[in-house]
Amino acid sequence: MSELSFINKLHDDLIKYVGEFNFTKTHPWHRNLVSLYCSIIALSESAIALLESGKTAGLPAVFRTILETYVEFKILIQDRTYGYYMEAQKTKSWLKDTKEAAKGKNPYLRDLSNRPDLPQIIESLEKKYKELEAKAKTNGYKKRIEIKEKFERAGLIYEYNSIYNDLS
């Protein structure tokens, strides 16, 4: 089976099951599962476009990202508490951006810098991050999980030691 046939089949199979989804968008576990699933669909579409155009130099990066996203998806399916870790990491990233915006120097964050409620946003994010971090820690998730450990948690260590290394 060629790479194009494989990725087309993957994409078609993923699309087929989207209609089966029943989720609550405000529920973090549901939201993260659907987000990861849809990311795999979008990435597979990118891979198809690259393969069909013959511009394959970017394929390893796309396939690597598909694999990393699948690992996250698989961990989350196996352990709902992984969602606390994911939410904590997302909140930490947003907190970093808001603190950068508060400095008022980054032109890409100008709209955020000009918000009069920016100090309250930062305070709220700091509180939320501490809560999520504590929940994640209680469930065995540290501040940063290395990619190899994620593959181990997903039961994909052989893929890490072969396919992932080849794509990296």
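These are my notebook entries on what I looked up in this predicted model.

**Ground rules.** I count residues from 1 along each chain as its sequence is written, and for side-chain values I use heavy atoms, with hydrogens and water left out.

**Entry 1, the whole chain.** I looked up the elements and found eight helices and zero strands, where helices (H or I, at least four residues) and strands (E, at least two) are DSSP runs numbered from the N terminus. The C-alpha atoms fill a box of roughly 55 × 40 × 35 Å, taken along the principal axes. Of the 168 residues, 35% count as buried; buried means under 20% relative accessible area, exposed over 50%, and partly exposed in between, with a 1.4 Å probe and protein chains only. I then turned to contacts (heavy atoms within 4.5 Å), and noted that among those between residues at least 6 apart in sequence, 62% join residues at least 24 apart.

Which residues of helix 8 are buried? In this helix, residues 157–167, I found Tyr160, Tyr164 and Leu167 to be the buried ones. They lie on the same side of helix 8, because they cover an arc of only 70° around the axis, the arc being that of the directions from the helix axis to the C-beta atoms. On the other side I noted Tyr158 and Asp166, which are exposed. The buried residues pack against helix 3 (59–78) and helix 7 (147–153).

I went on to Lys150 in helix 7, which counts as buried because its relative accessibility is 13%. What does the side chain of Lys150 meet in a salt bridge? I found the side chain of Glu72, at 2.6 Å from N to O; a salt bridge is a side-chain nitrogen of Lys or Arg within 4 Å of a carboxyl oxygen of Asp or Glu. Glu72 lies in helix 3 and Lys150 in helix 7, so this pair ties together parts that are 78 residues apart in sequence. Glu72 is buried as well as Lys150. Leaving out residues up to four places away in sequence, I listed what Lys150 touches, including Val71, Ile75, Tyr82 and Tyr85.

A search of the whole structure gave me eleven salt bridges. Asp13 forms one with Lys9, the closest N and O atoms being 2.8 Å apart, and another with Lys16, where the closest N and O atoms are 3.7 Å apart. Asp13 and Lys9 are four residues apart in helix 1, so about one helical turn separates them. Asp13 is partly exposed at 26% relative accessibility, whereas Lys16 counts as exposed at 51%.

Last, I looked at Ile15, Val18, Phe21 and Phe23, which form a nonpolar patch on the surface with about 300 Å² of accessible area together. Such areas come from the Shrake-Rupley method with a 1.4 Å probe, and for residues only the protein chains shown count as cover. Patches are made of residues with over 30% relative accessible area and no salt bridge, like charges being joined within 9 Å and nonpolar side chains (Val, Leu, Ile, Met, Phe, Trp, Tyr) within 5 Å. Ile15 has its place in helix 1 (residues 3–18), and at 40% relative accessibility Ile15 counts as partly exposed.

Note on methods: This is a predicted model: local features need pLDDT of at least 70, side-chain atom pairs count only at pLDDT 80 or more; totals for chains, interfaces and linings use all residues.
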